[in-house]
Amino acid sequence: MVDPNPFLPVSNPGYTPLPGEANPIGSPVTRRRSICLCLAVVSGLLALDLIVVLIGYRGSDNVQVHGNESGSLAASSGQPEIVRPVSRGPVAGVSEKANGHFADVGRLRSFPWNNSMLSWQRTAFHFQPEKNWMNDPNGPLFYKGWYHFFYQYNPNGAIWGDIVWGHAVSRDLIHWLHLPLAMVPDQWYDFNGVWTGSATILPDGKIVMLYTGATNESVQVQNLAYPADPSDPLLIKWIKYSGNPVLVPPPGIHHKDFRDPTTAWLTSEGKWRIIIGSKINRTGIALVYDTKDFKTYELLDGLFHGVPGTGMWECVDFYPVSKAEDCGLDTSINGPEVKHVVKASLDDDRHDYYAIGTYHDKNSTWVPDNPEIDVGIGIRYDYGVFYASKTFYDQDKSRRILWGWIGESDSEFADVKKGWASIQSIPRTILFDNKTGTHLLQWPVQEVESLRLRSNEFDKVQVKAGSVMKLDVGSATQLDIEAEFEVDKEALDKAPESNVTFSCSSSGGSVKRGALGPFGVSVLADEALSEQTPVYFYIVKGNGGKLTTHFCTDQSRSSEATDVNKPIYGSYVPVLEGEKLSLRILVDHSIVESFAQGGRTCIASRVYPTKAIYGAARLFLFNNATDASVTASLKIWQMNSAFIRPYPSENK
């Protein structure tokens with residue numbers, strides 16, 4: 001039943017009326033600064049503006065611009081088509097949602113995809129909607145025995161636009177049940193989109209959801225919602241607070257640079273605190289607010305944190321990590337054995353950066369441990385396709401879990417043809433890496449191992465320099481791979497020193513041979529290796545004999561398709577004294593997620609082979625070093641498919 005005493009009392013349990021009816025814009029209350037935004041106009045003109053905005057918005061972003069909006073897989077004509085890539089997102093005030101690789105291309109020759117190829121691309125155990133476009137994860141939480149996942153969703157097609165909140169639930173983060181849409185843009189304050197938000201679970205168990213709305217005039221404001229029936233474990237119906245918006249852009253902040261509120265945490269004074277992403281000129285910043293009731297807010301002096309040159313901060317996140325225990329922490333936890341993480345998604349390059357530091361409760365600031373690897377200029381969650389991530393504390397299993405949006409690397413034309421776009425990463429646990437003190441450890445949630453079927457083991461396989469070995473595991477479309485590598489010690493000692501800088505992206509990929517690499521595993525390869533995606537280590541011996549290890553994924557030969565972005569991803573990975581080189585790879589059709597050294601460095605890749613699909617997908621072990629032999633030990637599981645079910649039609 002509906003909660004008779006909700007945390008936030010409302011005069012009307014339903015949604016507030018659209019402009020032109022009885023609800024004028026309110027002015028959020030602040031103690032130190034009056035934050036007012038005048039959006040009210042004559043109702044007749046406003047109604048006209050709304051119509052114009054709606055027509056313009058839908059005309060530019062709706063899937064109808066490419067047709068085939070039903071998402072059906074039309075048979076290939078066999079002839080490439082010339083298409084014009086379209087930018088989506090920046091005009092509306094958010095990051096680029098189209099494939100950035102093709103955004104600056106005037107004309108693109110599409111590959112003649114057929115039904116079989118496109119059908120294969122759909123994943124088996126990663127979360128994705130039944131059809132259409134998806135992007136940012138929103139408000140994840142665990143409630144009354146269910147994991148809830150909300151996400152940015154376009155119910156009308158396979159491109160960004162018409163954004164609402166999709167909703168799904170799971171008992172184990174692997175098998176999912178789709179639910180009805182949680183929130184749709186039916187108010188003036190979210191008329192142009194129900195954008196990213198976060199959930200806060202209060203001490204009494206009630207839920208507060210803060211989210212960004214794009215108003216009828218494309219102003220970014222923060223809004224409040226909560227469950228209509230807290231006794232419902234599925235949280236199907238949501239109420240938007242009648243006093244929305246609760247926050248508008250403060251003076252000096254552009255109306256399109258104020259978005260993505262975090263989960264709230266308690267201060268030492270018993271107030272709730274949040275941060276919101278923004279920028280001042282080219283400095284990315286996090287604004288900080290305190291509140292007692294989630295209805296009125298105090299904008300605190302100064303900034304929570306900012307980094308010059310990083311541009312707009314989206315989808316900011318803030319959370320504690322334990323230095324003493326291998327477990328997650330509630331967002332409000334602080335103390336001497338706790339470090340704090342600040343993460344920002346950079347609008348400029350669409351990557352997620354984090355840094356570890358110290359949170360000062362009294363002056364509401366955060367300071368990085370090492371300014372040289374501050375937010376936006378140092379370490380990334382993932383060096384592949386991974387953006388707009390969000391964590392939550394799983395109080396059921398005392399762990400912090402990370403979700404990340406993994407977009408497409410093919411053309412929008414192909415996405416529309418197959419009828420869907422984007423997936424979510426396998427949820428990852430996050431721990432502080434005590435050994436390095438600088439990194440986090442990300443690892444697939446343990447529940448994914450429930451999908452493991454039969455396994456093959458290869459123990460201490462000698463892989464000589466310049467050799468490739470096929471691993472007989474059967475079909476290699478759905479795999480969980482764990483591997484360790486040891487490089488011949490004599491070769492390490494004899495390898496020449498070099499002062500040449502190595503970079504995964506610009507040093508020639510897996511075909512560029514060096515004394516100590518590359519070596520690793522080629523996934524989604526065909527028998528002739530005309531298509532393959534190598535995941536590998538590359539060791540460089542620098543001046544003074546210092547060894548530096550890089551972890552890379554080479555997509556340059558992953559597909560013969562012409563309308564696919566095929567970069568080489570990767571970065572440096574810390575390898576400490578006495579550690580073997582280790583990796584884990586999850587292969588799930590068109591997604592390859594790779595984790596090195598227990599998750600210090602991670603790479604998510606989207607791969608679109610045309611031949612290495614279904615039963616033709618193979619797995620190879622390779623060593624392309626010139627001088628060093630490698631000993632490899634692997635255990636490889638075939639993976640079952642997850643059950644991701646639609647909502648029963650009789651309940652819709």
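**Figure 1. A six-strand open sheet in the predicted model, running S23-S3-S4-S5-S6-S39.** The pairing across these six strands is mixed. At the edges sit strand S23 (420–421) and strand S39 (644–645), and each of them pairs on one side only. Zoom in on strand S5 (residues 164–170) and strand S6 (residues 176–183), and you'll find an antiparallel pair held by four bridges. In that pair, Val169 stands opposite Leu177 of S6.

**Figure 2. Lys144, a non-glycine residue with positive phi.** Here we're looking at the loop between strand S3 (132–143) and strand S4 (146–154), which is where Lys144 sits. Its phi comes out near 50 degrees. Most residues other than glycine have a negative phi, and most peptide bonds are trans. As for solvent, Lys144 counts as partly exposed because its relative accessibility is 48%.

Figure 3. Asn244 and Pro245 are joined by a cis peptide bond, with omega at about 0 degrees. With a relative accessible area of 4%, Asp260 is buried.

**Figure 4. A cis peptide bond from Gly517 to Pro518.** Omega for this bond is near 10 degrees. To find Pro518, follow the loop between helix H5 (489–494) and strand S30 (519–525).

**Figure 5. Strand S38 and its antiparallel partners S27 and S29.** Eight of the ten residues of S38 (residues 630–639) are buried, so the strand is largely enclosed by the rest of the structure. Strand S27 (residues 452–463) joins S38 through eight bridges, with Val461 standing opposite Ala632 of S38. Strand S29 (residues 478–487) joins S38 through nine bridges, and there Val487 faces Val630 as its opposite number.

**Figure 6. Lys397 and Glu447, a salt bridge from loop to loop.** Their closest N and O atoms lie 2.9 Å apart. Lys397 is in the loop between strand S21 (387–394) and strand S22 (399–406), while Glu447 is in the loop between strand S26 (440–444) and S27. The two residues are 50 residues apart and tie together distant parts of the chain. Lys397 is partly exposed, at 45% relative accessibility, whereas Glu447 is buried, at 11%.

**Figure 7. Arg600 meets Glu579 in a salt bridge.** The N to O distance is 2.9 Å. Arg600 comes from the loop between strand S35 (591–596) and strand S36 (601–606), and Glu579 from the loop between strand S33 (568–572) and strand S34 (581–588), 21 residues apart. Arg600 is buried at 4% relative accessibility, but Glu579, at 23%, is partly exposed.

**Figure 8. A salt-bridge network of Glu408, Asp410, Asp415, Lys418 and Arg606.** Salt bridges link these five residues. The structure as a whole holds 36 salt bridges.

Methods
Residues numbered from 1 in each chain as written. Predicted model: local features only at pLDDT ≥ 70, side-chain atom pairs only at ≥ 80, totals over all residues. Heavy atoms only, no water. Buried < 20%, exposed > 50% of the residue type's maximum accessible area, 1.4 Å probe, protein only. Pairing = 2+ DSSP bridges. Salt bridge = Lys/Arg side-chain N within 4 Å of Asp/Glu carboxyl O.
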